[in-house]
Amino acid sequence: MDYMNSLPWENSEFYKAWLAQTYYYTRYTTRMIAMSAAWSPSGNHEYFMTLVDHIREEHGHDQIAINDLKALDGSIDQYQENGLSRSIWETQFYKILKHPSYLFGCGIALETLAAKNLPQLYDRLLKAYPAKACNFVKVHAQEDPQHVSKLLGLTEQCSVSDREEILRSYDQIVDLYYYLLMAVHTESKERSAATAA
Ligand SMILES: [Fe+2]
């Protein structure tokens, strides 16, 4: 996403606001994966175990965003959850009830974005901030390429109609994430202006 690279990551107001919203949309990740695993077909052990492994891998990632924010003297209490962040995670619980595999669109979208953009973003952040404030991006730059290939493998086992729904969910998350980045940028400009006034 070229738009992601065009954003002012070196501006700490922007980066902190992004970390806060990242916390908000990742704090239910392990719960939603657990729900998808619970509803998975009883005969498909690969599906179930892949998601169980994924829960372990995602555990604590929301806290990494909080710790990065603290390392920049920020606090999650200074940020409200944006409606777009909430839309990213809240919609997944509805989709999982329709079919547990519909969660994959969200995972593939966010982890593809991470795999494509975060390695280069991590290098950029390290030039502006201490390493202890860059761990969320570091972890996801390293881990998400394997997650994408596992989720794509499970998606290939789904029916044509389920794959179409997963694709619709993928497109929805890409749109939501784009507008979330725009909202974070707007919020950070307002915070910078308020600080300067
Ligand atoms: Fe994660």
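Biologist: Let's start with H2 and H6: at what angle do they pack, and how far apart are their axes?

Modeller: The angle between H2 and H6 is about 25°, and their axes are 8 Å apart. Axes here are lines fitted to C-alpha atoms, for helices over the stretch in contact, and angles run from 0 to 180 degrees between N-to-C directions. Helices are DSSP runs of H or I with at least four residues, numbered from the N terminus. Do keep in mind that this is a predicted model: local features need pLDDT of at least 70, side-chain atom pairs count only at pLDDT 80 or more, and totals for chains, interfaces and linings use all residues. Residues are numbered from 1 along each chain as its sequence is written.

Biologist: Thanks! Are H2 and H6 roughly parallel or roughly antiparallel to each other?

Modeller: Roughly parallel, given that angle. The classes are under 35 degrees for roughly parallel, over 145 for roughly antiparallel, 65 to 115 for roughly perpendicular, and oblique for the rest. The crossing of H2 and H6 is right-handed; that word applies if the near helix is turned clockwise from the far one by less than a right angle, and left-handed if anticlockwise.

Biologist: Which residues make the contact?

Modeller: On H2 they are Gln21, Tyr24 and Tyr25, and on H6 they are Ser85, Ile88 and Trp89. Being in contact requires C-beta atoms, placed from the backbone, to lie within 7 Å. By class, the contact of H2 with H6 has four nonpolar residues, two polar and no charged. Nonpolar covers Ala, Val, Leu, Ile, Met, Phe, Trp, Tyr, Cys and Pro, charged covers Asp, Glu, Lys and Arg, and the others, Gly among them, are polar.

Biologist: And how do H3 and H6 cross?

Modeller: Their axes come within 10 Å and cross at roughly 5°. That makes H3 roughly parallel to H6. From H3, Met32, Met35 and Ser36 meet Trp89, Gln92, Phe93 and Ile96 of H6. This contact of H3 with H6 divides into five nonpolar, two polar and no charged residues.

Biologist: Staying with H3, is alanine 38 buried or exposed?

Modeller: Alanine 38, which is found in H3, is exposed, with 11 other C-beta atoms within 10 Å. The cut-offs are 20 or more other C-beta atoms within 10 Å for buried, 12 or fewer for exposed, and partly exposed in between, with C-beta atoms placed from the backbone. The C-alpha atoms of alanine 38 and proline 100 are separated by 8.4 Å, while the two residues are 62 apart along the chain.

Biologist: New topic: what about H7 and H9?

Modeller: Helix H7 (residues 104–128) packs on helix H9 (residues 160–196) at an angle of about 45°, with the axes 7 Å apart. That makes H7 oblique to H9. The crossing is right-handed. Residues in the contact include Phe104, Ile108 and Leu113 of H7, and Ile166, Ile173 and Tyr177 of H9. By class, the contact of H7 with H9 has twelve nonpolar, two polar and one charged residues.

Biologist: How many residues are in the largest nonpolar core?

Modeller: There are 46, and Leu19, Ala20, Val137 and Ile173 have the most contacts inside it. Such a core is a set of buried Ala, Val, Leu, Ile, Met, Phe, Trp, Tyr and Cys residues joined through C-beta atoms within 7 Å. H7 gives the most to this core, with ten residues.

Biologist: Which residues is valine 137 in contact with?

Modeller: Leu118, Leu121, Tyr122 and Leu125, leaving aside neighbours within four places in sequence.

Biologist: Now the loop between H6 and H7: why does tyrosine 102 count as buried?

Modeller: Tyrosine 102, found in that loop, has 21 C-beta neighbours inside 10 Å, so it counts as buried. Not counting residues up to four places away in sequence, tyrosine 102 touches Lys95, Ile96, Glu165, Ile166 and Ser169.

Biologist: And aspartate 73, what is its phi?

Modeller: Phi of aspartate 73 is near 65°, a positive value in a residue other than glycine. Aspartate 73 is in the loop between H5 and H6 and counts as exposed, with 9 C-beta neighbours inside 10 Å.

Biologist: Last one: where is methionine 4?

Modeller: In helix H1 (residues 2–5). With 16 C-beta neighbours inside 10 Å, methionine 4 counts as partly exposed. Leaving aside neighbours within four places in sequence, methionine 4 is in contact with Asn117 and Leu181.

Note on methods:
Helix = DSSP H or I, 4+ residues; strand = E, 2+ residues; numbered from the N terminus. Contact = placed C-beta atoms within 7 Å.
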